[in-house]
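Me: Hey, I've got a structure open and I'm new to this. Can you walk me through some of it?

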Amino acid sequence: MPSIEDIRRAVIADPANQAYTERGIQPLFQAGSRARILIIGQAPGLKAEERQRLFADPSGDNLRSWLGVDEETFYNANQLAILPMDFYYPGKGKSGDLPPRKGFAQKWHPQLFSMMPQLELTLLIGQYAQEYYLRDRRKRTLTETVKAYGNYLPQYFPLVHPSPRNNIWQAKNPWFKVELIPSLQENVAQILDK
């Protein structure tokens, strides 16, 4: 049976990723065999690629605050796994970063899931993760899906992206901080305290 490091090496060797490998860019994901919570986001940003660390920015500060965890816990792969929908920065588009490449998560996520048998909760951050994993269970909009988070428990917990750019969205949706964040923190604490 392959290990997580075997899978990492396979991602690096995959011809689909050679443009990154040739430039010395490593795939960005965090996985540990004892992880109990999984975070699935869209794809690393340019800063994450440069720093070789996911969520090492104001978005990560917000996410850790939402989860009620410190950096040590967040970056402990045997507590929290992080699998973006693509492990590489996809580049810049007209209105922000390009979407994750199609087929990437389909190819690599199942292999990594098989290495993490203790996963109890998967946080789905943003539309790409929610589209892929919730499929026709999603609501009409991302806001409606996130507001209906209770419908997806105990397996999934949909979230908006923790970017500070979403502060306006949070101000328009006070239920997010009043209701959702306490529920999220309670779920995370119950799992991590086991």
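Predicted model: local features only at pLDDT ≥ 70, side-chain atom pairs only at ≥ 80, totals over all residues.

Me: OK, helices. How do α1 and α6 cross?

Reply: Helix α1 covers residues 4-13 and helix α6 covers residues 104-113; their axes come within 10 Å and cross at roughly 160°. Helices here are DSSP runs (H or I, at least four residues), numbered from the N terminus. The axes are lines fitted to C-alpha atoms over the stretch in contact, and angles run from 0 to 180 degrees between N-to-C directions.

Me: So are α1 and α6 roughly parallel or antiparallel?

Reply: Roughly antiparallel. That label goes to angles over 145 degrees, while under 35 counts as roughly parallel, 65 to 115 as roughly perpendicular and the rest as oblique.

Me: Which residues of α1 and α6 meet?

Reply: From α1 you have Ile4, Ile7, Ala10 and Val11, and from α6 there are Phe104, Trp108, Gln111 and Leu112. Contact here means heavy atoms within 4.5 Å. By class, that's seven nonpolar residues, one polar and no charged. Ala, Val, Leu, Ile, Met, Phe, Trp, Tyr, Cys and Pro count as nonpolar, Asp, Glu, Lys and Arg as charged, and the others, Gly among them, as polar.

Me: New topic: how many salt bridges does the structure hold?

Reply: Eight. A salt bridge needs a side-chain nitrogen of Lys or Arg within 4 Å of a carboxyl oxygen of Asp or Glu.

Me: Which residue does Lys107 pair with?

Reply: Asp14, with the closest N and O atoms 2.5 Å apart. The pair links distant parts of the chain, 93 residues apart: Lys107 is in helix α6, and Asp14 is in the loop between α1 and α2 (18-22).

Me: And is Asp14 buried or exposed?

Reply: Asp14 is buried, at 7% relative accessible area, while Lys107 is partly exposed at 42%. The cut-offs are under 20% for buried, over 50% for exposed and partly exposed in between (1.4 Å probe, protein chains only).

Me: What about Glu144 and Arg140?

Reply: Their side chains form a salt bridge too, at 2.8 Å from N to O. Arg140 is exposed at 70%, and Glu144 is partly exposed at 30%.

Notes
Residues numbered from 1 in each chain as written. Heavy atoms only, no water. Helix = DSSP H or I, 4+ residues; strand = E, 2+ residues; numbered from the N terminus.
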